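Here's a quick briefing to read alongside the model. Have a look at the fold first, then come back for the rundown.

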Amino acid sequence: MTAAEHAVPPDLRARVLAASRRARAAGEPVPAVPAISPAEAYRRAADALYRALSALDTAAWSRPAIRDLDVQGLVGHLTGVEDDVQRCMASDPAVSQAGHVESTQAAAVRQAGRDPALTLAEWQDAVSRTLTLVAARGQDGLDTGVALHGMQLPLRALLVVRAFELWVHENDIRQAAGLPLAVPDPSVLSLMTALAARLLPGAAVRAGMPGPARLHLVLTGPGGGTWDLEWDPEWDPETASAGRPYPAEASIVADAAGFCRLVADRMTPAELDSYISGDRDHAAGVLTAAATLALD
Amino acid sequence: MGGTDALLAARLAAGDDHALAEVFDRFGAAVYGAAAYVVGTGAGAQDVVQDVFVELWCHPDRYDPDSGSLRGYLMLLARHRAVDAMRSELRRIARQERHYRLSSDERPPSPGEQVLSAHLASEVRAAIQRLPAAQRQVIELAYFEGMTCREVASAVGIPEGTVKSRLRLAHAKLEAVLDRQLLEAP
């Protein structure tokens, strides 16, 4: 303590923290980003990809993008995904357990040798059809459960997953074309980070971290936020035993867009600029599990 | 990630209340010290500390890590808030004084109020009387006559900056008077 410092009255810390939380709830980012609907997030992500594709020269369309696909094949893959989304909205059971890559491979390879303008127009038409179907469902329809490529989730969540995929592939294409990576606008990113945080406990359990566990996740920058995640919430300290260990607890702080790249499996945990406290093994396990959420 | 202060600011903006607790643990004593230096070690200083941290929590974007340290920002905020608190208290006392002077036909204060206000007023008056003449003059003109710094400067014939520095010196000396009892007075 320096000469200018005084002993802080014992209850002042609790009083200050309580008053602060009353003035602004914990977890609430500032400045707040404008809230948008999942359909709007999907539309914005599609618009951003369309703008990127429209700016490509002809040569860029044949550059390798991901897997065995060039840029044109990747756009074909996205057209295939839109077709499957429309089928899942029509409750077609054939797409519920279909593989995300396998089911769309025909649409991808079909692009070889075509005029890129036709590929772009076909994808754009597919996006428009999806948006028309979503609009026809209305607000209440967004809560309807759908099944696609092994996922079962409300339509509103599927639209955020789709926005996520469009952004990730936009950056795959940008990378292939030697362009700088894009960051979604904060309103879109906010829905993406919230979805990723919600899915994280499930990913951790599937990755062999059954819990009980707690994670304080802080995603910084526009579109970020703070989440206190817990899995195996039934765990009771009163009945804890050797077989039911004390919950692993960790805190992870990372940039919101960087974390989404990790979740998209476009970045490794080692590459993510993060600040970890608490149980470091637990945090490392969660970050590894996060990358398994990627669809690709 | 960025430097410690920049990281704390980013965490606060993301709504990380753990970061707020960390900032308090790191700088709470210094902020309390800065507040107590001006308003004394009482409830007033605690109010200032609360104001400073609520301000930081609600508006973390007002702190720019490129412009200086978080500690420096909080200390500056604490000094401003403490001086504001002292000015506000002095104005309140001056208003009360004027009110009792000008409204002798209104309901007389209760015996309790009389005792309390007389006690407060005499405490403040005594403290002001102990100030050097130059400081006492600017305090009386600013708070008891309600003049602005510019008006005081003109009335006394000194630069406005000198008025402000004399007020600051006077505030520092009066802080001993504004103890917990005074600040909590109705």
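Of the 296 residues in chain A, 41% count as buried, meaning that 20 or more other C-beta atoms lie within 10 Å of the residue's own, with 12 or fewer making it exposed, anything in between making it partly exposed, and C-beta atoms placed from the backbone. Chain B has 186 residues, and 37% of those count as buried.

This is a predicted model, so local features need pLDDT of at least 70 and side-chain atom pairs count only at pLDDT 80 or more, while totals for chains, interfaces and linings use all residues. Residues are numbered from 1 along each chain as its sequence is written, chains are lettered from A, and ligands are numbered from 1, in the order in which they are written.

**The two chains**

- Chain A has nine helices and eight strands; helices (H or I, at least four residues) and strands (E, at least two) are DSSP runs, numbered from the N terminus.
- The C-alpha trace of chain A spans about 75 × 45 × 40 Å along its principal axes.
- Take the contacts in chain A between residues at least 6 apart in sequence: 71% of them join residues at least 24 apart. A contact here means that the C-beta atoms of two residues, placed from the backbone, lie within 7 Å.
- Chain B comes out with nine helices and zero strands, so to speak an α-α-α-α-α-α-α-α-α run from the N terminus on.
- In chain B, residues 24 or more positions apart account for 68% of the contacts with a separation of 6 or more.

- Ala, Val, Leu, Ile, Met, Phe, Trp, Tyr, Cys and Pro count as nonpolar, Asp, Glu, Lys and Arg as charged, and the others, Gly among them, as polar.

**Where the chains meet**

- The contact between the chains takes 30 residues from chain B and 34 residues from chain A.
- On the chain B side, helix H1 (4–13), helix H2 (17–39) and helix H3 (43–58) each supply at least two residues.
- H2(B) provides the largest share of that side, 12 residues.
- The chain B side that touches chain A divides into 19 nonpolar, seven polar and four charged residues.

**Nonpolar cores**

- The largest nonpolar core has 114 residues, and those with the most contacts inside it are Val160(A), Ala163(A), Met192(A), Val31(B) and Ala35(B). A nonpolar core is a set of buried Ala, Val, Leu, Ile, Met, Phe, Trp, Tyr and Cys residues joined through C-beta atoms within 7 Å.
- Setting aside its neighbours within four places in sequence, Val31(B) is in contact with Val49(B), Val52(B), Leu74(B), Met75(B) and Ala78(B).
- A second, separate core of nine residues includes Val138(B), Ala142(B), Val152(B) and Ala170(B).

- H6(A) is mostly covered, with 21 of its 22 residues buried.
- At 1.5 Å a residue, the 22 residues of H6(A) should span 32 Å, and its end C-alpha atoms are 31 Å apart, which agrees; the expected span is 1.5 Å times one less than the number of residues in the helix.
- Just after H6(A), Gly178(A) takes a positive phi of about 75 degrees.
- All of helix H8 (residues 256–263) of chain A is buried, eight residues of eight, so the rest of the structure largely encloses it.
- Among what covers the buried residues of H8(A) are helix H7 (186–206), strand S5 (213–220), strand S7 (248–255) and helix H9 (280–290) of chain A.
- Asp265(A) follows H8(A) and has a positive phi, near 60 degrees.

**Gly145(A)**

- Gly145(A) lies in strand S3 (residues 145–148) of chain A and counts as exposed, because it has 11 C-beta neighbours inside 10 Å.
- Not counting residues up to four places away in sequence, Gly145(A) touches Gln152(A), Leu153(A) and Pro154(A).
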